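Please view the sequence and the model before reading on.

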Number of protein chains: 4
Amino acid sequence: MGPFRDVPNLRTPPLGRRLRLGFVGGGRGGNVGYWHYNGVRLSGHWDVVAGALSRDPDTASQSAADWCIAEDRSYLSFEDMAEAEAARDDGIEAVSICTPNFTHFPIANAFLDRGIDVILDKPMTTAVEDAEMLVAKARDLGLILAVTYPYGHHAMAMQAAQLIEEGAIGTISQVIVEYVQDWATAPDEQSEMASNWRRDPAKVGRTSAVGDIGTHALQMLRAVTKLEAEEIRADLHVCGAPKALDDTAFIKLKLSNGAPGLIWITEAAPGNHCGLRFRVFGDKGGLSWDQEFPEQLKLSPLNEPDRIYLRGQGAGMSPAAERWTHLPRGHGEALTDAWSNLYAEIGTAIAARRAGEHERLTSCHYPSGVDGLIGVRFMNACADSGDNGSSWVKVDNSGV
Amino acid sequence: MGPFRDVPNLRTPPLGRRLRLGFVGGGRGGNVGYWHYNGVRLSGHWDVVAGALSRDPDTASQSAADWCIAEDRSYLSFEDMAEAEAARDDGIEAVSICTPNFTHFPIANAFLDRGIDVILDKPMTTAVEDAEMLVAKARDLGLILAVTYPYGHHAMAMQAAQLIEEGAIGTISQVIVEYVQDWATAPDEQSEMASNWRRDPAKVGRTSAVGDIGTHALQMLRAVTKLEAEEIRADLHVCGAPKALDDTAFIKLKLSNGAPGLIWITEAAPGNHCGLRFRVFGDKGGLSWDQEFPEQLKLSPLNEPDRIYLRGQGAGMSPAAERWTHLPRGHGEALTDAWSNLYAEIGTAIAARRAGEHERLTSCHYPSGVDGLIGVRFMNACADSGDNGSSWVKVDNSGV
Amino acid sequence: MGPFRDVPNLRTPPLGRRLRLGFVGGGRGGNVGYWHYNGVRLSGHWDVVAGALSRDPDTASQSAADWCIAEDRSYLSFEDMAEAEAARDDGIEAVSICTPNFTHFPIANAFLDRGIDVILDKPMTTAVEDAEMLVAKARDLGLILAVTYPYGHHAMAMQAAQLIEEGAIGTISQVIVEYVQDWATAPDEQSEMASNWRRDPAKVGRTSAVGDIGTHALQMLRAVTKLEAEEIRADLHVCGAPKALDDTAFIKLKLSNGAPGLIWITEAAPGNHCGLRFRVFGDKGGLSWDQEFPEQLKLSPLNEPDRIYLRGQGAGMSPAAERWTHLPRGHGEALTDAWSNLYAEIGTAIAARRAGEHERLTSCHYPSGVDGLIGVRFMNACADSGDNGSSWVKVDNSGV
Amino acid sequence: MGPFRDVPNLRTPPLGRRLRLGFVGGGRGGNVGYWHYNGVRLSGHWDVVAGALSRDPDTASQSAADWCIAEDRSYLSFEDMAEAEAARDDGIEAVSICTPNFTHFPIANAFLDRGIDVILDKPMTTAVEDAEMLVAKARDLGLILAVTYPYGHHAMAMQAAQLIEEGAIGTISQVIVEYVQDWATAPDEQSEMASNWRRDPAKVGRTSAVGDIGTHALQMLRAVTKLEAEEIRADLHVCGAPKALDDTAFIKLKLSNGAPGLIWITEAAPGNHCGLRFRVFGDKGGLSWDQEFPEQLKLSPLNEPDRIYLRGQGAGMSPAAERWTHLPRGHGEALTDAWSNLYAEIGTAIAARRAGEHERLTSCHYPSGVDGLIGVRFMNACADSGDNGSSWVKVDNSGV
């Protein structure tokens, strides 16, 4: 909550100092590293002091200068960075990894091995076994392994989860989640969002859109409903310009409470940009939310007027949503605020781990390695289903 | 178009007099007959002069009085009505049939046999063969057989069809149609929309929601995209209160141009009422429309600002949409206006048939018996798919 | 209410027959007569059997044919029509007057004098004395004199009035009403909405936009809040193409409870069409509504989530709003439905007057001659204010 | 622009290092300082290294710890801070002043006198002469004096200004700006937004709401239209709970091109929170925008479909709007992004001044001292008008 309420501010670092953070990936020419970086700065928990921002020396150097990273802490390889930073007294305390999917595993491995907490972009890895290995390693070493699904960190997505938990819509009977974009309608070379590696099965894994936006949709469904997708059936399509892997998928779900679910994702729906939306229905009401209008959440109690929850409203807002509220209602928060919430939660967790504050640690809310692992299993299950004529495939939702 | 433009007004009956219309069904206690009746009156093409509005004598009599039908033309059975009206010099020229699905076939048959044009609520029949027989009979007798899917007669749904035909969104690559309601969330006895026969397989056919709102969704898809659903795969569910037949379906489509389509329908999504919505995407743009906000149509040319077409706008509006425009922009038209458009088109067609004006006849735009037949095949194909573990089922989209 | 609820249907004429109605004005080339006519037909209360639709013989004849009026009851002057119809056994029982403002007085006078109930388009007259004379005459003769402000007959406008009466927003502290259009931005010859007489002070009165849309805004304010504008201060402007009279006005109000109010009207705001909107604020909440989206009404209880009332919703809907509800929620009603509500209320009132049913008569809800008179006083007060450097001017809100 | 386009990123500090910034005000319990601070961090241009965050020692100390300010640079008075920081080699290069209005003048004065650039919250001062003196002093000393009106730094507000400059709506004919909130509906002690000093004429100046949100509305009007309010007429009201000064005002404007304008502001309109909205109309089109939905801008070309500009859209977006675009379209930016744009522009300007880069300096875009001064004159003119029975009052829009 912001200072306008008399409560501890999530944007205040608990150790009285900012944590030292490094980045692997995120240099000029990329998208997602910059989104992380915005959230990092806004969160108030971090100083970015080191980076292996690019394998290209010029890009690495310019990118480090952009972010005011000292020259001697701008590295050309993650291996060098892990080694050098681990050796410094003032070395990084955590690393954010924003590189192509297929590189996540070795990089995360290298930093975990040196006792550095890891913040990993999604999907966690391409192979299920790699994800399982990272989860096990972090657990065994007692380190934080966080996976950056930021959309669930909009305050109103949390409010939806809380309303469902309180029974506002009764027993869930069906769930529709869509994540709809349009940047892959035309050939990739015309899009600012495209990256070559996303269409290369050797680098991105067995799916493209499913691994990218499909895992976001799944995580949102899980975060809001607390249900798991126990079985899935996926139809994978290329609806935009020709490409080697899917840009569109219709994924039917059997949820853990028996209700049907649907995830529709596409990168080829002109007029849609970051259209992550959920609609959850129960026997007492419905809830709907759209990431492009993140401040409003619509609750439709059966046969009553719809109620529009507005972030910061006060009345009826859950403490968990208030925790992620920084500005008064109407004074808009958006995607970088969600990233900031995520990085503040992770920062608080790492501070708590270092201070041995177990209770604070377990109260921090961010997607864990297990959440990341479930996403990797989901995307591989979708590939399995697609390979088998859209058959039903079971998904393992347990930990390791 | 309304009189504010210097063009013939669709609400002016071409024969210089109103046609004589009878109703079977539509008495007090029903919903849909009243919707027909509103459109009939507003259209300006019809005088309602006879009816078999209910099998219950009191209801029949009260209902006839409501509509100012003379006592001697209020009948207790459609058989009596068909016989008596056919014998009168001033007998009805057409009949509107608004009874439960399983009765459509014998009633329509009776009136066609007596040379009376038939206007039939959807779905046309429960069995495919019955629908085929009606189509063949009307064709052989040279009579009009119209099926009342009204939603496509919103001016902006027509504008969508015209924009697609003109290439505004390029080649269609995926289509999403949903028709989402909430009246079957709770048990039927709590809903003003429920009818007992809708849950009785002997009366409604092999599906409930699919035959009811699913056929509307299919017809909208066909009207707007001019594509057919060549193969379908249906998951049927009961998501609301327990009932004998489906209230929800997820239907995957293989469209006639190879693109994937999805129809999601449900009667158990709290907060949704008459949520018939389409989103059509192509390589050059997207189009979306929502029946609950029928005056606006959103065109999203790829990478350009969205354009909001408003009924009556003038610039860029197709003649076909203008034909269904009666009030200036901002002066709202809604569902009864759509029904009125439908009844004006059918009235014009019947007038043209009687006057032997072939050109005018073929220029009239309304869902034909073949459209109705395709809907009946679709709902039966969905039942087949559901019966076979959601297998893919081919649909015949030809005439008879 | 529609037949889907077990209540008397407002669209059922109480005498068991339709009343006989004539029109003065409304022929081809006009706008507003056609809007009346649509509401008349949809209401189910009327047969239009006579008309003096135009002074031009060809237009009169074609227009009568459009509406299926018999040739011998199509007149070329209102004087002939009044005389001939009064002399017939089956003569008209009421007349709708849809001619330019300056002709309202003599026409209404002529029909009242012959014992025919009068339905008059707004503004009632140009001069205050004329309006007062009509009100007094109708009262003295015991005739119905109704003035057609249709926008207040949207069900959700009535719901707003009821919520305010029930105290949902507490004591009203400020009111904003706007009626914003764009058809007079360009010269009149480019607009389908323009009429020459509207810019001619000899025909339209001392104001143009104020008398046209300003009186609608005032009537909406009065209907919803039950407050009167006791003093006004008007700034009149020409913001669109040059013209002799105002197309824009900012009118500050001192309301009868002491609260400030603002009416902003313009015909020169591109992108606005029939933008009649109110926002009413009190110490406990706010209410807002927009005629272009008439099915939704937003109630904002202070510090609580907004509630969106949807016509037909059921829960929380007032009987008065239900009375004007004909289709289930989501099955849209719009402007012609509002006109239909107005014409059904007037038809019911006339039927009750003829049947001597006093209780039914007083339960009918439509703008009376006094409402019309107050509008005429308002528009003249605005002209006075404008003539005196936007001084404050008192408005008489009493009857005669 | 964000790094996803190949252009310099506004969030990269041009000197290769962050500037040293101090805060006066902004400690725990306040609102606006925290909003500044969020923008400061996100901008990437600043390290906050010193502060006089509160006159209360405990609050000052805790607040400094929140922001990781070293203990020895947390001051209890601005005088001490100015003196001590000016004496340090690593002293602050700029100060942000977020204290109550009546203290702005002496504080700003103290820092300017010591050669420190000043960033001042609005309204700049309470008295016109004080504002004039600050403007003159900054000019004479060659220092930056920026006034923090952040709302114009939403990318789509800038896009509106650019579209108007390019002639998209033709010649402006009327302008409506509203800034509507609800926090002062109930007594101040119930509101998280209230501050005692805002209702104390000795501290806030001669108006309350006009000085607070009215100056925002004026600045938005000026930024978007490039017009000045040459004459104003203000009606000041208390519409919420009783208070010593205005919470509501209706302000009529004579704009510098002769067009009428209206500013309506209130803090007592339940359901409105940060409702800063403009609607600008010309002879070729209209533009509208709402701060609560800052990513969309609606352009209504006369008689054509509305066009919805979306931040990040690409096509048709001006370079000035792109400069304030950091995330791809649909990936929302909101109020803190606007603050960040403002602080990045000011940071760039200060860096340019220090580096003697005149061209870069003049290309920076932020509200200057003169903009602040015009706001102070406006709020005092409104008070004059109110004191004189809402008479028309001329406003001086020149510099000093």
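## Salt bridges between chains D and A

A salt bridge is a side-chain nitrogen of Lys or Arg within 4 Å of a carboxyl oxygen of Asp or Glu. The model described here is predicted. Between chain D and chain A, the count is two salt bridges. One of them joins the side chains of D182(D) and R329(A), with a distance of 3.1 Å from N to O.

## The contact between chains D and A

Chain D contributes 50 residues to the contact, and chain A contributes 50 residues. Together the two chains bury about 4000 Å², of which 56% lies on carbon and sulfur atoms. The contact also holds 16 residue pairs in polar contact, both residues being at pLDDT 80 or more.

On the side of chain D that touches chain A, at least two residues come from each of α1 (32-43) and α10 (335-355) of chain D. The element that gives the most to this side is α1(D), with seven residues. By residue type, this side of chain D divides into 19 nonpolar, 19 polar and 12 charged residues.

## A buried asparagine in chain C

In chain C, N380(C) is placed in helix α12 (residues 369-387). Is N380(C) buried or exposed? Its relative accessibility is 11%, and N380(C) therefore counts as buried, the limit being under 20%.

The side chain of N380(C) reaches the backbone oxygen of T126(C) at 3.1 Å. When neighbours within four places in sequence are left aside, N380(C) is in contact with T126(C), V128(C) and R206(C).

## Aromatic pairs

Over all chains, the count comes to 38 aromatic pairs. In one of these, the ring centres of F293(B) and F293(C) lie 6.1 Å apart and the ring planes stand at 50°, so the pair is tilted. This pair crosses between chains: F293(B) is in the loop between β11 (285-290) and β12 (296-301) of chain B, and F293(C) is in the loop between β11 (285-290) and β12 (296-301) of chain C. F293(B) is partly exposed, with a relative accessible area of 32%, and F293(C) is partly exposed at 32% relative accessibility.

Another pair is formed by F23(D) and Y37(D), whose ring centres are 6.5 Å apart; their planes stand at 85°, so the pair is edge-to-face. It links distant parts of the chain, 14 residues apart, with F23(D) in strand β1 (residues 19-24) and Y37(D) in helix α1 of chain D. F23(D) is buried, with a relative accessible area of 0%, and Y37(D) counts as buried at 4% relative accessibility. In chain A, F23(A), Y37(A) and W67(A) form one aromatic cluster.

Terms used:
Residues are numbered from 1 along each chain as its sequence is written. Chains are lettered from A and ligands numbered from 1 in the order in which they are written. This is a predicted model: local features need pLDDT of at least 70, side-chain atom pairs count only at pLDDT 80 or more; totals for chains, interfaces and linings use all residues. Side-chain values use heavy atoms; hydrogens and water are left out. Contact means heavy atoms within 4.5 Å. Buried area is the accessible area (1.4 Å probe) that two parts lose on being put together, summed over both. A polar contact is a pair of N or O atoms within 3.5 Å; within protein, one must be able to donate a hydrogen and the other to accept it, and residues adjacent in sequence count only if both atoms are side-chain atoms. Helices (H or I, at least four residues) and strands (E, at least two) are DSSP runs, numbered from the N terminus. Ala, Val, Leu, Ile, Met, Phe, Trp, Tyr, Cys and Pro count as nonpolar, Asp, Glu, Lys and Arg as charged, and the others, Gly among them, as polar. Buried means under 20% relative accessible area, exposed over 50%, partly exposed in between (1.4 Å probe, protein chains only). Rings of Phe, Tyr and Trp (its six-membered ring) pair if their centres lie within 6.5 Å; planes under 30 degrees apart count as stacked, over 60 as edge-to-face and the rest as tilted.
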